[in-house]
Amino acid sequence: MSNKIIIINGPNLNLLGEREQSQYGSLTFEDLKEICIKKSEELGLILEFSQSNIEGELVNLIQDSRKKFDGIIINAAAFTHTSVAIRDALNIFKKPIIEMHISNIYKREEFRHKSLISDVVTGGIFGLGVDGYILAIISMQKLLKNEN
Ligand code: DQA
(Lines give C-alpha, C1' and ligand atoms only; values in the text may rest on other atoms or scores of the structure.)
Protein backbone atom coordinates (compact mmCIF):
# COMPACT_ATOMS: atom_id res chain seq x y z
CA MET A 1 0.00 0.00 0.00
CA SER A 2 1.27 3.48 -0.90
CA ASN A 3 1.05 5.34 2.38
CA LYS A 4 4.44 6.78 3.22
CA ILE A 5 4.69 10.51 2.72
CA ILE A 6 7.12 13.26 3.55
CA ILE A 7 6.52 16.94 4.21
CA ILE A 8 9.61 18.93 3.29
CA ASN A 9 9.91 22.46 4.64
CA GLY A 10 12.47 24.97 3.44
CA PRO A 11 14.31 27.87 5.05
CA ASN A 12 12.95 29.81 8.01
CA LEU A 13 9.87 27.64 8.41
CA ASN A 14 11.46 26.30 11.60
CA LEU A 15 10.70 29.77 13.01
CA LEU A 16 6.94 29.57 12.44
CA GLY A 17 5.11 31.27 15.27
CA GLU A 18 7.96 33.76 15.61
CA ARG A 19 8.47 35.08 12.07
CA GLU A 20 6.03 37.50 10.38
CA GLN A 21 2.93 36.35 12.21
CA SER A 22 0.76 38.48 9.91
CA GLN A 23 1.79 36.23 7.00
CA TYR A 24 2.33 32.90 8.70
CA GLY A 25 0.18 32.89 11.87
CA SER A 26 1.11 32.07 15.45
CA LEU A 27 1.30 28.28 15.35
CA THR A 28 4.84 27.05 16.02
CA PHE A 29 6.72 24.59 13.82
CA GLU A 30 6.45 21.92 16.54
CA ASP A 31 2.67 22.52 16.84
CA LEU A 32 2.33 22.19 13.07
CA LYS A 33 4.37 18.99 13.05
CA GLU A 34 2.12 17.46 15.72
CA ILE A 35 -1.09 18.43 13.88
CA CYS A 36 0.21 17.01 10.59
CA ILE A 37 1.30 13.72 12.18
CA LYS A 38 -2.10 13.37 13.88
CA LYS A 39 -4.01 14.04 10.64
CA SER A 40 -1.82 11.61 8.71
CA GLU A 41 -2.38 8.88 11.29
CA GLU A 42 -6.14 9.46 11.09
CA LEU A 43 -5.93 8.91 7.31
CA GLY A 44 -3.70 5.84 7.52
CA LEU A 45 -0.58 7.63 6.29
CA ILE A 46 2.90 7.40 7.73
CA LEU A 47 4.39 10.88 7.76
CA GLU A 48 7.92 12.16 8.03
CA PHE A 49 8.00 15.88 8.79
CA SER A 50 11.28 17.57 7.86
CA GLN A 51 12.85 20.99 7.57
CA SER A 52 16.15 22.42 6.41
CA ASN A 53 17.57 25.87 5.83
CA ILE A 54 20.12 24.46 3.39
CA GLU A 55 19.36 24.06 -0.32
CA GLY A 56 21.62 21.03 -0.84
CA GLU A 57 20.08 19.22 2.12
CA LEU A 58 16.64 19.75 0.59
CA VAL A 59 17.89 18.34 -2.74
CA ASN A 60 19.26 15.29 -0.87
CA LEU A 61 15.95 14.83 0.96
CA ILE A 62 14.03 14.94 -2.34
CA GLN A 63 16.45 12.50 -4.00
CA ASP A 64 16.30 10.08 -1.04
CA SER A 65 12.48 10.28 -1.11
CA ARG A 66 12.44 8.36 -4.44
CA LYS A 67 13.12 5.12 -2.59
CA LYS A 68 11.45 5.89 0.73
CA PHE A 69 8.19 7.75 0.09
CA ASP A 70 5.09 7.54 -2.09
CA GLY A 71 4.39 11.27 -2.12
CA ILE A 72 5.98 14.61 -1.27
CA ILE A 73 4.34 17.73 0.14
CA ILE A 74 6.83 20.57 -0.18
CA ASN A 75 6.92 24.11 1.09
CA ALA A 76 10.23 25.12 -0.44
CA ALA A 77 9.80 28.60 1.12
CA ALA A 78 12.18 31.18 -0.41
CA PHE A 79 13.83 28.49 -2.58
CA THR A 80 10.52 28.19 -4.45
CA HIS A 81 11.46 31.39 -6.24
CA THR A 82 15.15 30.71 -6.83
CA SER A 83 16.15 27.05 -6.88
CA VAL A 84 16.61 25.27 -10.19
CA ALA A 85 18.30 22.45 -8.20
CA ILE A 86 15.15 21.81 -6.14
CA ARG A 87 13.02 21.96 -9.27
CA ASP A 88 15.27 19.44 -11.04
CA ALA A 89 15.23 17.08 -8.04
CA LEU A 90 11.42 17.23 -7.87
CA ASN A 91 11.23 16.53 -11.58
CA ILE A 92 13.03 13.21 -11.01
CA PHE A 93 10.47 12.12 -8.37
CA LYS A 94 7.86 10.32 -10.47
CA LYS A 95 5.11 10.19 -7.82
CA PRO A 96 2.60 12.77 -6.51
CA ILE A 97 3.99 16.10 -5.30
CA ILE A 98 1.97 18.90 -3.70
CA GLU A 99 3.40 22.42 -3.54
CA MET A 100 2.39 24.22 -0.38
CA HIS A 101 2.55 27.87 0.68
CA ILE A 102 1.06 29.28 3.86
CA SER A 103 0.67 32.79 2.44
CA ASN A 104 -0.78 33.88 -0.89
CA ILE A 105 2.46 34.37 -2.77
CA TYR A 106 0.59 36.16 -5.61
CA LYS A 107 -0.60 38.91 -3.27
CA ARG A 108 2.90 39.67 -2.03
CA GLU A 109 6.10 41.12 -3.51
CA GLU A 110 6.57 40.49 -7.22
CA PHE A 111 9.61 38.25 -6.69
CA ARG A 112 7.32 35.77 -4.92
CA HIS A 113 4.92 35.54 -7.86
CA LYS A 114 7.20 33.18 -9.74
CA SER A 115 7.45 29.58 -8.57
CA LEU A 116 10.13 27.50 -10.26
CA ILE A 117 8.42 24.30 -9.15
CA SER A 118 4.71 24.75 -9.97
CA ASP A 119 4.98 23.15 -13.40
CA VAL A 120 6.73 20.02 -12.14
CA VAL A 121 4.31 19.26 -9.26
CA THR A 122 0.92 17.55 -9.27
CA GLY A 123 -0.90 20.50 -7.69
CA GLY A 124 -0.60 23.22 -5.13
CA ILE A 125 -2.17 25.04 -2.20
CA PHE A 126 -1.46 28.63 -1.21
CA GLY A 127 -2.92 31.43 0.88
CA LEU A 128 -4.95 29.28 3.27
CA GLY A 129 -2.62 29.55 6.23
CA VAL A 130 -1.21 26.52 7.98
CA ASP A 131 -4.54 24.74 7.38
CA GLY A 132 -3.17 24.26 3.87
CA TYR A 133 -0.92 21.51 5.25
CA ILE A 134 -3.99 19.58 6.42
CA LEU A 135 -5.66 20.04 3.04
CA ALA A 136 -2.48 18.87 1.35
CA ILE A 137 -2.40 15.70 3.49
CA ILE A 138 -6.05 14.96 2.63
CA SER A 139 -5.37 15.50 -1.08
CA MET A 140 -2.24 13.37 -0.97
CA GLN A 141 -4.17 10.50 0.62
CA LYS A 142 -6.72 10.69 -2.23
CA LEU A 143 -4.00 10.82 -4.88
CA LEU A 144 -2.31 7.73 -3.42
CA LYS A 145 -5.60 5.88 -3.05
CA ASN A 146 -6.47 6.51 -6.71
CA GLU A 147 -3.10 5.10 -7.74
CA ASN A 148 -3.80 1.68 -6.20
C1 DQA B 1 6.21 30.67 1.82
C2 DQA B 1 6.23 31.86 0.85
C3 DQA B 1 7.64 32.18 0.40
O4 DQA B 1 7.62 33.28 -0.50
C5 DQA B 1 8.49 32.57 1.61
O6 DQA B 1 9.81 32.82 1.22
C7 DQA B 1 8.41 31.57 2.71
C8 DQA B 1 7.15 30.89 2.99
C9 DQA B 1 4.81 30.40 2.39
O10 DQA B 1 4.61 29.33 2.98
O11 DQA B 1 3.93 31.27 2.30
O12 DQA B 1 9.37 31.39 3.45
O13 DQA B 1 6.61 29.50 1.10
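**Helices and a loop**

Author: Happy to start with a pair of helices: the axes of α3 (residues 55-68) and α4 (residues 84-92) come within 9 Å and cross at roughly 5 degrees. Axes are lines fitted to C-alpha atoms, for helices over the stretch in contact, with angles from 0 to 180 degrees between N-to-C directions. Helices are DSSP runs of H or I with at least four residues, strands are E runs of at least two, and both are numbered from the N terminus. Angles under 35 degrees count as roughly parallel, over 145 as roughly antiparallel, 65 to 115 as roughly perpendicular and the rest as oblique, so α3 is roughly parallel to α4.

Author: A word on the source: this is a predicted model, where local features need pLDDT of at least 70, side-chain atom pairs count only at pLDDT 80 or more, and totals for chains, interfaces and linings use all residues. Residues are numbered from 1 along each chain as its sequence is written, and side-chain values use heavy atoms, leaving out hydrogens and water.

Reader: Which residues of α3 meet α4?

Author: Contact here means heavy atoms within 4.5 Å. On the α4 side, the partners are A85, I86, A89, L90 and I92. The α3 residues that meet them are E55, L58, V59, I62 and R66.

Reader: Where do the buried residues of α2 lie, seen down its axis?

Author: Buried means under 20% relative accessible area, exposed over 50% and partly exposed in between, using a 1.4 Å probe and protein chains only. In α2 (residues 29-42), the buried residues are F29, L32, C36, K39 and S40. Taking directions from the helix axis to the C-beta atoms, they fall within an arc of 100 degrees, so they line one face of the helix.

Reader: What do those buried residues of α2 pack against?

Author: The other side of α2 has E30, E34, K38, E41 and E42 exposed. The buried residues of α2 pack against β1 (4-9), β2 (46-51) and α5 (131-147).

Reader: Is E42 buried or exposed?

Author: E42 is found in helix α2. Its relative accessible area is 54%, so E42 counts as exposed.

Reader: Which residues does R108 contact, leaving aside neighbours within four places in sequence?

Author: R108 sits in the loop between β4 (97-101) and β5 (123-126). At 13% relative accessibility, R108 counts as buried. Its contacts beyond those neighbours are E20, Q23, Y24, S103 and H113.

Key:
Expected span 1.5 Å × (residues − 1).
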